[in-house]
Amino acid sequence: MKPKEIISNLSIDDKIKIITGHHFWYTHPLKEYDLESLLLTDGPSGIRKQSEGADALGLNKSIETIAFPGLALVTSSFNKKLLNRYGTLLGSIAKSERVNILLGPGVNIKRHPLGGRNFEYMSEDPFLTGILAFEYVKGVESQGVGTSVKHFVANNRENQRFSNSSNIDMRTLREIYLKPFEMIVKRSMPATVMTSYNLLNHVYVSENRWLLTDILRNEWNYQGLILSDWAAIKDRAKALKAGLDLEMPGKDSYTINELKVALHNGDINEEMLNKSAERVIDTIQRYQSEQEPELYDKDAFHEAVKDIANDSTILLKNNHQTLPLASKTFSVIGDLAEHPRFQAGGSSKVNPYHVVSAVEALENDMNAFARGYEINEEDSNNELVEEAVELAKKEKNIVLFLGYPEHYEGEGYDKTTLNLPDNQVQLLNELYKVNKNIVVVLQNGAVILMPWEDKAQSIVETYLPGEAVGESIRDILLGTVNPSGKLAESIPKRIEDIPSYYSFNKSKSEENYLEGLFVGYRHYDTKRIDVQFPFGHGLSYSNFEYSNLNIDVNTTHLDIQFDVTNTGQYDGATVPQIYVGNQTSDIEMPTKELKAFEKVYLERNQTTTVKVTIPFDDLRWFNAQTNLWQFDHGLYELFIGESVSDIRLNSTVNIINEQLDIQQPLINEDTYLYEVIERKDEMSHALEKYEFDKMISNINEDKSLAPLFKNMPLRSLIMVNLDINKIYCFIEEANKEITQTTDK
Ligand code: GLC
């Protein structure tokens with residue numbers, strides 16, 4: 001039966017039940033209409049299906065499953081196919097465990113590295129997030145399992161996440177924070193979108209009609225289900241009115257009473273109930289599965305997630321080609337090598353099938369192991385330090401595992417530091433005194449500041465690499481795999497350099513996005529602030545050269561092609577990134593914005609031609625005055641390279657978007673004289689007819705006064721005794737000329 005038909009037979013109580021969660025993780029069944037309960041379960045980097053107890057924070061035990069690398073790492077692959085594979089593998093496990101909706105991906109922007117859930121999110125860049133999250137969604141949904149794109153919108157901090165207001169100007173909201181959701185929703189049909197806990201500009205997101213109905217439904221044409229984050233709804237009637245379909249978890253009779261009272265008071269009507277109930281029923285019909293689930297091969301999946309981590313790991317530094325190491329030429333130091341960080345706390349935390357530590361994976365290749373520090377202690381342990389130093393004295397190379405203890409970061413609270421624990425840094429300093437060949441391997445969810453960077457010959461960033469943590473780093477260190485990950489977020493030198501330093505977590509209730517568009521590299525690159533490692537950075541054991549740039553400016557898009565050659569000694573991969581700098585629009589703009597990227601795999605000495613397309617629509621900016629995405633004809637600079645700072649090719653193109661009528665704006669009394677001078681060719685007859693040309697040439701003769709006069713609107717030229725009627729006649733004549741020119 002069609003949802004509408006079912007609805008027509010339902011009582012008010014049943015309609016309210018169907019839009020209300022059931023037993024924490026489920027939707028309500030309606031057996032008489034062949035509607036099963038859908039099971040919704042966390043992701044986004046593993047299946048956290050609870051076998052006993054139910055909570056949204058990873059407190060109760062969940063089934064044994066494969067712990068995938070976290071999205072902070074996998075996004076660093078810059079590999080669209082890999083994210084699709086990641087989603088497909090995850091979706092197939094979900095199907096095997098009878099999960100109907102996987103609660104992921106989390107696509108909130110990494111506005112500040114102290115953000116508590118940065119480990120779970122993807123990037124500081126909305127384009128990279130949108131492109132790769134789309135692939136994740138496509139992969140999961142390809143298995144008949146739904147997704148939940150979260151947390152819509154502006155959940156960029158954890159402290160007071162249930163009540164703080166993310167205060168964002170419209171252009172920034174559109175171009176940065178809404179953009180990943182828009183890209184995913186418009187290009188795919190994720191089963192659900194999950195609203196965030198926070199307020200947006202002082203309105204709860206779950207009660208925000210402008211967001212949920214005007215934007216998500218009406219403007220983006222989203223047809224799927226909007227559900228709340230767990231316990232995000234304060235006022236169910238207001239949420240229903242705003243367009244929030246499904247409350248999770250449900251509050252059973254409390255909600256039935258609440259909504260019946262609201263119906264009685266006229267705060268909501270039955271049509272609202274029907275619409276949301278229809279969407280829930282439609283979702284149940286689309287995602288309930290009669291298929292007998294198949295078991296999955298855990299060992300094969302373990303291998304698969306190792307490969308995913310391998311393609312994502314980032315080689316930040318590699319002086320003197322210290323890496324890759326030969327077997328038996330190094331020892332391993334650091335508690336994290338034996339007790340690894342591979343995931344973080346909160347709703348994403350899973351019960352892993354088989355965690356393999358670096359010590360286990362490297363047992364046949366390393367000479368020895370020393371703990372060096374206790375990961376859950378802040379203070380140094382002198383015995384452990386001395387043991388490690390003694391080992392370092394006699395060893396050629398040291399592989400030192402450093403990173404954040406688990407309690408440093410997790411869902412539900414923001415970080416308080418970007419520094420490693422003191423005992424780890426002190427150990428590094430002691431080791432450096434006796435051995436200069438130190439390779440640092442990092443395990444962390446969020447960015448780590450590296451004032452100690454000069455003491456490491458090589459630095460490998462593995463973020464939270466999932467349960468195959470040890471095998472993956474073994475492959476990278478020994479060169480079995482040539483690293484090809486790229487930073488999806490900038491690593492600043494100092495916390496004070498971070499654009500949201502002034503405002504992040506400065507108030508319990510107000511989070512003011514004062515930096516506007518200038519998040520991450522948009523800030524550092526525009527202000528030319530040196531960073532430790534820039535967005536898009538990641539080394540290889542090979543080197544790559546770029547050549548033969550060719551750009552075609554078509555009627556609706558740019559076609560860009562260039563060659564990349566692997567000039568190194570290893571087969572490997574790299575990620576050419578294409579950034580665009582708007583040199584045209586009369587509004588503040590970042591120097592560069594990522595608009596395309598492609599991961600390419602090249603054998604030694606192999607050359608490939610990379611071809612990318614950038615639609616002009618991707619070059620629009622959001623004009624909050626007109627409430628429209630605006631494209632401006634004119635100059636755009638293209639930067640192509642290995643990171644936002646390592647540009648290998650660049651060019652400038654003049655784009656006339658023929659899809660848009662090139663209506664030059666008319667002038668009026670507020671038009672400045674300098675604008676008239678810039679556009680004199682469009683109104684030459686009017687200038688001559690009313691002798692404005694003579695007036696302008698007289699002004700230009702006086703170098704000191706000229707800037708003053710040019711910086712005046714036409715209406716104020718009465719200050720130099722110009723007749724106001726003459727000014728308006730000139731404006732009328734000039735506009736006639738501009739219109740005639742455009743119509744040609
Ligand atoms: C949590 C999280 C959300 C998760 C949900 C269910 O509080 O914010 O990401 O999917 O509740 O556990």
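A residue is called buried here under 20% relative accessible area, exposed over 50%, and partly exposed in between, using a 1.4 Å probe and protein chains only. The structure is a predicted model, in which local features need pLDDT of at least 70 and side-chain atom pairs count only at pLDDT 80 or more, while totals for chains, interfaces and linings use all residues. Residues are numbered from 1 along each chain as its sequence is written, and side-chain values use heavy atoms, with hydrogens and water left out.

Most residues other than glycine have a negative phi, and most peptide bonds are trans. Asp34 is not a glycine, yet its phi is positive, near 60°. Asp34 sits in the loop between α2 (12-18) and β1 (40-42); helices (H or I, at least four residues) and strands (E, at least two) are DSSP runs, numbered from the N terminus. With a relative accessible area of 59%, Asp34 is exposed. Gln321 also has a positive phi, about 50°, without being a glycine. The loop between β10 and β11 holds Gln321, which at 45% relative accessibility is partly exposed.

Pro324 is found in the loop between β10 (314-318) and β11 (330-333). The peptide bond leading from Leu323 to Pro324 is cis, with omega near 0°. Another cis peptide bond joins Gly104 to Pro105, with omega near 5°. Pro105 lies in the loop between β3 (101-103) and α5.

A nonpolar core is a set of buried Ala, Val, Leu, Ile, Met, Phe, Trp, Tyr and Cys residues joined through side-chain atoms within 4.5 Å. The largest such core has 109 residues, and those with the most contacts inside it are Tyr136, Phe152, Val153, Tyr177, Trp230 and Phe597. Helix α5 (residues 126-141) gives the most to this core, with eight residues. A second, separate core has 64 residues, among them Ala72, Val385, Val440 and Met450. Leaving aside residues up to four places away in sequence, Tyr177 touches, among others, Ile109, Val153, Ile168, Tyr513 and Val519, where contact means heavy atoms within 4.5 Å.

Helix α16 (residues 469-477) is largely enclosed by the rest of the structure because eight of its nine residues are buried. Among the buried residues of α16 are Val469, Glu471, Asp475 and Leu477. The buried residues of this helix pack against α12 (298-310), α13 (358-361), β14 (397-403), β15 (438-443) and β16 (458-461). After α16 comes Gly479, with a positive phi near 80°.

The ligand has 15 residues around it, of which Asp42, Arg117, His151, Tyr197 and Asp229 come nearest; a residue is near a molecule if one of its heavy atoms lies within 4 Å of it. By class, this shell has six nonpolar, two polar and seven charged residues. Ala, Val, Leu, Ile, Met, Phe, Trp, Tyr, Cys and Pro count as nonpolar, Asp, Glu, Lys and Arg as charged, and the others, Gly among them, as polar. A polar side-chain atom of Asp229 is 2.6 Å from a ligand oxygen atom. For His151 the distance from a polar side-chain atom to an oxygen atom of the ligand is 2.7 Å, and for Glu411 it is 3.1 Å. Taken alone, the ligand exposes 310 Å², of which the protein buries 99%, with accessible areas from the Shrake-Rupley method and a 1.4 Å probe.

Methods. A polar contact is a pair of N or O atoms within 3.5 Å; within protein, one must be able to donate a hydrogen and the other to accept it, and residues adjacent in sequence count only if both atoms are side-chain atoms.
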